[in-house]
Structures are given as C-alpha cells and as structure tokens.
Amino acid sequence: MEYDRRTFATKKQIGKLGERFTAKLASSAGYEVEDVSNQYELGYDLIARKDGKELHLEVKTDNRMWETKNLCLEAITNVEKRKKGWFKTMADDTYICFFDAKNELLHCYLAKDLRDYVNNNPVRYRETYEYEGDYLKSAQIILVDMRNIRHRTFNWFNEMEGEFL
C-alpha cells in the first residue's frame, strides 16, 4: 500500500506547471489558449483555438513517467463510493497531455486512442492511497506503457509552427 502525503495544494501547484507548459507550447503554435481548469464540469484544463479548430486539453503532470514509462489513468477516483475517475468520464475527442516534469516533455494522446488500447490489450490495475487533508482517499488506476500507444511528443525545441496536435 502506497501513501502520498503531499498536500492537495502542493499537488495543484505541481499540476499548474504542466498546464503552463502546455499553454505556452500551444500559444507558440499560434493557438489562442483559455484556461478553464476551474470549471470542473468540463472535464479538461485548457481550450486551444486556431482557424476555427478547437482542442480540449486535459493536462496531467507526472514526476516519474520518465523512469517508469507508464501512464497513470484514473479509472475510479473513490473506491469506497465507486466514483468514476477522469479517464472513464472524459470525452473521446479530448487530448490528454502528460507533462514529464523532469525532462520538460509533453506527451499528448487522444482519449479515444487510450480507451481503445485499454479495452483491447492487457493492462495493469492498481489501487493507490493518498491523503486529502485528513481524509485517506483510495483510487484505482490503470498503468499503461506509454510507448505502446500512438501519440505526439513536444518540447521547447520542436518546430512549433503549424499544427500543435
């Protein structure tokens, strides 16, 4: 059983790093970016618009993906209540962008592609535990090898003219 004792506020600050990085990359490609991360009902953090095209971007910041090569997909956000996690509730056309904080890389996947992979391939499920204040929360995550799924990777050195995704 693993426990994560970082506070919710600390995790939120770390998560904002990935959102800022993603927004800067999209802006450098000519997209107008709107932060909607406080509008939880939308199910994504950023909207990027360009030439009549609108992208919905959910950003996840990960401190260990460079080492494990795993994507952590939240299937159940509260095991006791069986509440579906973000991976199960996200619209198929949303891009999930995993920010590798150590290497400053952004790995972007279409939610539909991730779901198709999870539904058609063996994956690992794992229960995790973390504190939100004084409350011990348990969740179920799906671990997927990030190298097995079609995606795009960006860094500051990519040619960002033209399409972002």
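These legends walk through several close-up views of one predicted model.

Residues are numbered from 1 along each chain as its sequence is written, and side-chain values use heavy atoms, with hydrogens and water left out. Because the model is predicted, local features need pLDDT of at least 70 and side-chain atom pairs count only at pLDDT 80 or more, while totals for chains, interfaces and linings use all residues.

View 1. Helices (H or I, at least four residues) and strands (E, at least two) are DSSP runs, numbered from the N terminus. Of the 165 residues in the protein chain, 42% are buried. Here, buried means under 20% relative accessible area, exposed means over 50%, and partly exposed is in between (1.4 Å probe, protein chains only).

**View 2. An open sheet of six strands.** Read across, the order is β2-β3-β4-β7-β8-β11, and the pairing is mixed. At the edges sit β2 (32–35) and β11 (152–154), each pairing on one side only. Two strands count as paired if DSSP finds at least two bridges between them. β8 and β11 pair in the antiparallel sense over three bridges, and Leu106 has Phe154 in β11 as its bridge partner.

**View 3. Strand β7 and the strands it pairs with.** Six of the six residues of β7 are buried, so this strand is largely enclosed by the rest of the structure. Tyr95, Cys97 and Phe99 point one way, while Ile96, Phe98 and Asp100 point the other way. In a regular strand the side chains alternate between the two faces of the sheet. Strand β4 (residues 53–62) pairs with β7 in the parallel sense over six bridges, with Leu57 opposite Tyr95. β8 pairs with β7 in the antiparallel sense, again over six bridges, and Ile96 stands opposite Tyr109.

**View 4. The hairpin turn at Glu104.** β7 and β8 form a hairpin with four residues between them. Glu104, in the loop between β7 and β8 (105–110), has a positive phi near 50° even though this residue is not a glycine. Most residues other than glycine have a negative phi, and most peptide bonds are trans. With a relative accessible area of 41%, Glu104 is partly exposed.

**View 5. Arg82, another residue with a positive phi.** Arg82 is not a glycine, yet its phi is about 55°. You'll find Arg82 in the loop between β5 and β6 (83–84). Its relative accessibility is 56%, so Arg82 counts as exposed.

**View 6. Helix α4 lying across β7 and β8.** α4 runs at about 75° to β8; axes are lines fitted to C-alpha atoms, for helices over the stretch in contact, and angles run from 0 to 180 degrees between N-to-C directions. Its buried residues are Ala111, Asp113, Leu114, Arg115, Tyr117 and Val118. Among the elements covering them are β5, α3 and β10.

**View 7. The largest nonpolar core, with 20 residues.** A nonpolar core is a set of buried Ala, Val, Leu, Ile, Met, Phe, Trp, Tyr and Cys residues joined through side-chain atoms within 4.5 Å. Leu71, Leu73, Phe98 and Leu114 have the most contacts inside this core. Leaving aside neighbours within four places in sequence, Leu73 is in contact (heavy atoms within 4.5 Å) with residues including Trp86, Phe98, Leu114 and Ile142. A second, separate core of 17 residues includes Val59, Phe99, Leu106 and Phe154.
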